[in-house]
Amino acid sequence: MSKFLKLGKKSMAVILSVLMLLPFMFSGALAANLIDESLLYPDGIVTEEKYYTVTRGITEKYVVLNNISKDNQIKNYIFEVDLKNEDLSIVAGYNKCDINPTDYGMLTLPEQVDYAEKNLGVNVVAGVNGGCYNTRTGEPFGLLIMDGKKLHNYDNDIHNAFFAILNDGTAVIRRHGERTDDVKEAISGKDHLVKNGVYLNIQDNSVHPRTAVGIKEDGTVVFMVCDGRQSPDSCGMTLKELAHTMMALGCVDVLSLDGGGSSTLMTQREALSDTQIRNTPCYGFARPIGTSLLVCTSAKPTNEFDHIAFSETEYIVYPLHTIAIDYVGCDENGFKANVPTGKLVVEDESYGSLKGSTFYAKDKEGTVNLNYVVNGEVIDSVPVTITKEADSFVDKGIKNLIRMIGNIIEMFKFVVRKITGLFA
């Protein structure tokens with residue numbers, strides 16, 4: 001039986017490795033310089049980048065990393081919050097977000113978002129899972145402050161730092177024992193990875209899904225979740241890799257939060273009506289968690305058209321293939337607004353043509369802009385890249401198969417660990 005299991009594991013590893021290499025057969029990296037590759041961990045490279053707008057002051061990023069050997073793919077989901085925008089705020093959440101210090105419990109991130117909007121009267125447009133917690137009761141480990149009320153104090157030395165929003169609206173990462181009398185919102189994290197731009201050399205080489213929060217020198221707050229335990233689709237990170245990835249995103253202070261099955265990131269992209277989970281939690285579903293960090297906006301719809309939001313910031317298509325160009329109109333705050341009467345026009349028809357909102361690519365590689373034209377004036381545009389070498393264009397069925405197999409393997413490992421623990 002043990003020989004069969006070993007053979008099965010080896011065979012599965014070979015199959016998954018081959019599947020993982022398929023994207024690179026189509027070659028790759030159409031990067032938008034959303035991350036400073038020179039500051040990544042050794043051997044780390046960027047293979048894909050995308051960005052989206054959530055609302056004014058919040059940018060979402062999707063960054064895929066790998067190494068030179070192409071055997072350490074990591075999918076990273078990021079959003080950055082400009083706290084200089086007075087419409088934006090960050091709040092701590094837990095359970096039903098009713099600021100009841102004895103009402104501990106566990107709810108998924110989408111559920112916490114719903115309760116925050118109901119019980120706190122806020123409009124949540126982004127969020128991540130928070131700190132560690134008692135998995136039986138949901139009681140948080142470490143500090144929890146909501147709206148200036150300390151609902152839980154320090155209780156565990158390994159959770160040695162906390163992320164806080166001060167009364168003046170700025171963000172800080174402080175060590176336990178430092179002042180909290182000026183804090184409005186706070187949750188404890190796990191490891192203080194980077195302080196004043198210096199990696200603190202945390203000794204932990206384990207690889208897991210990760211969640212982190214960081215602060216740039218200008219005060220911008222960066223949230224990131226990396227998928228893991230889904231090798232080879234997304235392998236996860238060590239704490240060192242996490243720290244250097246956050247530094248490559250511009251952070252000078254970084255705190256790791258709860259990871260593993262808890263790692264979840266949500267955003268509500270502009271013109272959409274609700275938040276959606278962007279990453280793939282390692283067990284295939286959003287796990288109930290104790291605490292969260294939620295980003296809210298007080299901006300209201302103006303109903304005045306400001307710009308067009310395309311579903312992608314760059315479309316990728318093979319020569320002689322077609323692709324649908326989806327778009328909606330937005331006001332200045334990212335709420336849906338009517339698009340002025342006009343039409344999409346191909347800037348250079350030697351690359352292709354449009355029928356309605358479908359682009360028909362010709363047998364010519366390169367990048368061409370699709371312009372939305374109103375009364376002869378271009379009011380917005382989006383690039384379309386026609387290429388035979390686009391890792392973004394790999395058959396989605398293959399990617400989904402890789403992800404599904406990875407999830408099954410990780411779930412199997414999880415069950416085995418639980419059963420083994422019963423007889424330990």
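1. A residue is called buried when its relative accessible area is under 20%, exposed when that area is over 50%, and partly exposed in between, using a 1.4 Å probe and protein chains only. By this definition, buried residues make up 52% of the 424 residues in the chain. The structure is a predicted model, in which local features need pLDDT of at least 70 and side-chain atom pairs count only at pLDDT 80 or more, while totals for chains, interfaces and linings use all residues. Residues are numbered from 1 along each chain as its sequence is written, and side-chain values use heavy atoms, with hydrogens and water left out.

2. The secondary structure of the chain comes to four helices and 27 strands, where helices (H or I, at least four residues) and strands (E, at least two) are DSSP runs numbered from the N terminus. The chain exposes about 19,400 Å², and carbon and sulfur atoms supply 51% of that area; accessible areas come from the Shrake-Rupley method with a 1.4 Å probe, and for residues only the protein chains shown count as cover. If contact is taken to mean heavy atoms within 4.5 Å, then among contacts between residues at least 6 apart in sequence, 65% join residues at least 24 apart.

3. An open sheet of eight strands runs in the order β1-β2-β3-β14-β13-β15-β11-β12, with antiparallel pairing; two strands pair if DSSP finds at least two bridges between them. Its edge strands are β1 (44-55) and β12 (198-199), each of which pairs on one side only. Within the sheet, eight bridges join β2 (residues 58-67) to β3 (residues 74-81), and these two strands run antiparallel, with valine 64 standing opposite lysine 75 in β3.

4. Helix α3 (residues 239-248) packs on this sheet, where it touches β2, β3, β11 (192-195), β12, β13 (210-216), β14 (221-226) and β15 (251-256). The direction of α3 makes about 35° with that of β13, given that axes are lines fitted to C-alpha atoms, for helices over the stretch in contact, and that angles run from 0 to 180 degrees between N-to-C directions.

5. Helix α2 (residues 109-119) has Leu109, Gln112, Val113 and Ala116 buried. Seen down the axis of α2, these buried residues fall within an arc of 105°, so they line one face of the helix; the arc is that of the directions from the helix axis to the C-beta atoms. Following α2 comes glycine 121, whose phi is positive, near 70°.

6. Five bridges join strand β8 (residues 161-166) to β9, and the two strands run antiparallel, with isoleucine 165 opposite alanine 171 in β9. The hairpin that they form has four residues between the strands, and in it glycine 169 takes a positive phi near 90°. Four of the five residues of β9 (residues 171-175) are buried, so this strand is largely enclosed by the rest of the structure.

7. A nonpolar core is a set of buried Ala, Val, Leu, Ile, Met, Phe, Trp, Tyr and Cys residues joined through side-chain atoms within 4.5 Å. The largest such core has 34 residues, and those with the most contacts inside it are Phe79, Ile90, Phe163 and Phe223; strand β4 gives the most to this core, with four residues. Apart from it lies another core, of 25 residues, among them Val63, Leu193, Tyr199 and Ala243. Leaving aside neighbours within four places in sequence, phenylalanine 163 is in contact with a list of residues that includes Ile90, Ala171, Ile173, Val213 and Leu293.

8. Some details of the backbone deserve a separate look. Most residues other than glycine have a negative phi, and most peptide bonds are trans. Asparagine 95, in the loop between β4 and α2, has a positive phi of about 45° although it is not a glycine, and at 5% relative accessibility it counts as buried. Alanine 271, in the loop between β16 and β17 (276-277), likewise has a positive phi, of about 75°, and is buried with a relative accessible area of 18%. The peptide bond from serine 231 to proline 232 is cis, with omega near 5°, and proline 232 has its place in the loop between β14 and α3.
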